[in-house]
Amino acid sequence: MLPLTEQQLRSSFVNASQRERKELTLPDLAQVRWDDIDFLGWRDRKLPGQGYVVAHIDGEPVGVLLRQAEGRTRSRPQCSWCEDVHLPNDVVFFIAKRAGKAGRNGNTLGTLVCAEFQCSANVRKRPPTAYVGFDVEAARLRRIDALRDHVDAFVRRVQADD
């Protein structure tokens, strides 16, 4: 992912009000390992039920404000983005208000995602060898591409004003 500034981050959110953009708690951008992530995702330290995701869509940063759904998941769900079946972390259901008129009308989208947005790290782990001759590196690269596709599709659906 390309590095982003505080100004780029704050202005990227398509489903947040001006006040929400101004008040959001940013991660420590100096600590972000930009080459190791496919999207920037973080939880708000001040508002624990809130999260943020920023991805590059058509060369521009697009941010989505997420809210964790109430309640507990009864079984161990699979993350919709990294699709890791051996997750070392929790998965939660996040809800995003749609952008534009759809969002003002109360339309939302939901997705199951790693609770602390560890998806980029999960897809970069060495997958188990499925059979003799299995190309582990090719499988890892396919998982990285699939993560990017899943995040891209979700952000585009939030961004779409229909």
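**Salt bridges**

I started with a search of the whole structure, a predicted model, and it turned up 10 salt bridges. I went through some of them one by one.

I looked at Arg10 and Glu6 and found their side chains meeting in a salt bridge at 3.0 Å, N to O. Both sit in helix 1, 4 residues apart, about one turn of the helix. I checked how covered they are: Arg10 is buried at 19% relative accessible area, while Glu6 is partly exposed at 44%.

Next I took Glu20 and Arg67, whose side chains also meet in a salt bridge, 3.0 Å from N to O. Glu20 belongs to helix 2 and Arg67 to strand 3, so this pair ties together parts that are 47 residues apart in sequence. Glu20 comes out buried, with a relative accessible area of 16%, and Arg67 partly exposed, with 37%.

Then I turned to Glu137 and Arg140, which form a salt bridge at 2.8 Å, N to O. They are 3 residues apart in helix 5, about one helical turn. I also noted a network: salt bridges with shared partners join Asp38, Arg124, Asp145 and Arg148. Back at the pair, Glu137 counts as partly exposed at 38% relative accessibility, and Arg140 is among the buried residues of helix 5.

**Helix 5**

That made me want to look at the whole helix. Helix 5 covers residues 136-159.

Which residues of helix 5 are buried? My list reads Val136, Ala139, Arg140, Ile144, Leu147, Val151, Phe154, Val155 and Val158. I asked what covers them, and the answer includes strand 2, strand 3, strand 4, strand 5 and helix 4. At the start of the helix, I saw a side-chain oxygen of Asp135 reaching to within 3.3 Å of the backbone nitrogen of Glu137.

I followed the strands next. Strand 2 (residues 50-57) pairs with strand 3 (residues 60-68) in the antiparallel sense, over 8 bridges. I picked out Val54 and found Gly63 as its bridge partner in strand 3. The two strands make a hairpin with 2 residues between them.

Strand 3 also runs antiparallel to strand 4 (residues 91-97), joined by 2 bridges.

**Two positive phi values**

Most residues other than glycine have a negative phi, so I looked up a couple of exceptions. Asp58 has a positive phi of about 50 degrees although it is not a glycine. I found Asp58 in the loop between strand 2 and strand 3, where it counts as exposed at 63% relative accessibility.

Phe117 is another non-glycine with a positive phi, about 60 degrees. It lies in the loop between strand 5 and helix 4. Buried or exposed? I have Phe117 down as buried, because its relative accessibility is 8%.

**Asn15**

I stopped at Asn15, in the loop between helix 1 (6-12) and helix 2 (18-23). It is buried, with a relative accessible area of 4%. What does its side chain reach? I found the backbone nitrogen of Leu65 at 2.8 Å. A polar atom of the Asn15 side chain also lies 2.9 Å from the backbone oxygen of Lys97. Beyond its neighbours within four places in sequence, I listed contacts of Asn15 including Glu20, Gly63, Ala96 and Val158.

**Ser120**

Ser120 is in helix 4 and counts as buried at 4% relative accessibility. I found a polar atom of its side chain 2.9 Å from the backbone nitrogen of Asp38. Leaving out neighbours within four places in sequence, Ser120 is in contact with Asp36, Ile37, Asp38, Phe39 and Leu147. Two of these names were already in my notes: Asp38 from the salt-bridge network and Leu147 from the buried residues of helix 5.

**Asn107**

My last entry is Asn107, in the loop between helix 3 (100-104) and strand 5 (108-114). It is partly exposed, with a relative accessible area of 36%. Not counting residues up to four places away in sequence, I saw Asn107 touch Ala96, Lys97, Arg98 and Ala102. I also checked Asn107 against Lys22: they are 85 residues apart in sequence and 23 Å apart in space, C-alpha to C-alpha.

Notes: Residues are numbered from 1 along each chain as its sequence is written. This is a predicted model: local features need pLDDT of at least 70, side-chain atom pairs count only at pLDDT 80 or more; totals for chains, interfaces and linings use all residues. Side-chain values use heavy atoms; hydrogens and water are left out. Buried means under 20% relative accessible area, exposed over 50%, partly exposed in between (1.4 Å probe, protein chains only). Contact means heavy atoms within 4.5 Å. Two strands pair if DSSP finds at least two bridges between them. A polar contact is a pair of N or O atoms within 3.5 Å; within protein, one must be able to donate a hydrogen and the other to accept it, and residues adjacent in sequence count only if both atoms are side-chain atoms. The expected span of a helix is 1.5 Å times one less than its number of residues. A salt bridge is a side-chain nitrogen of Lys or Arg within 4 Å of a carboxyl oxygen of Asp or Glu.
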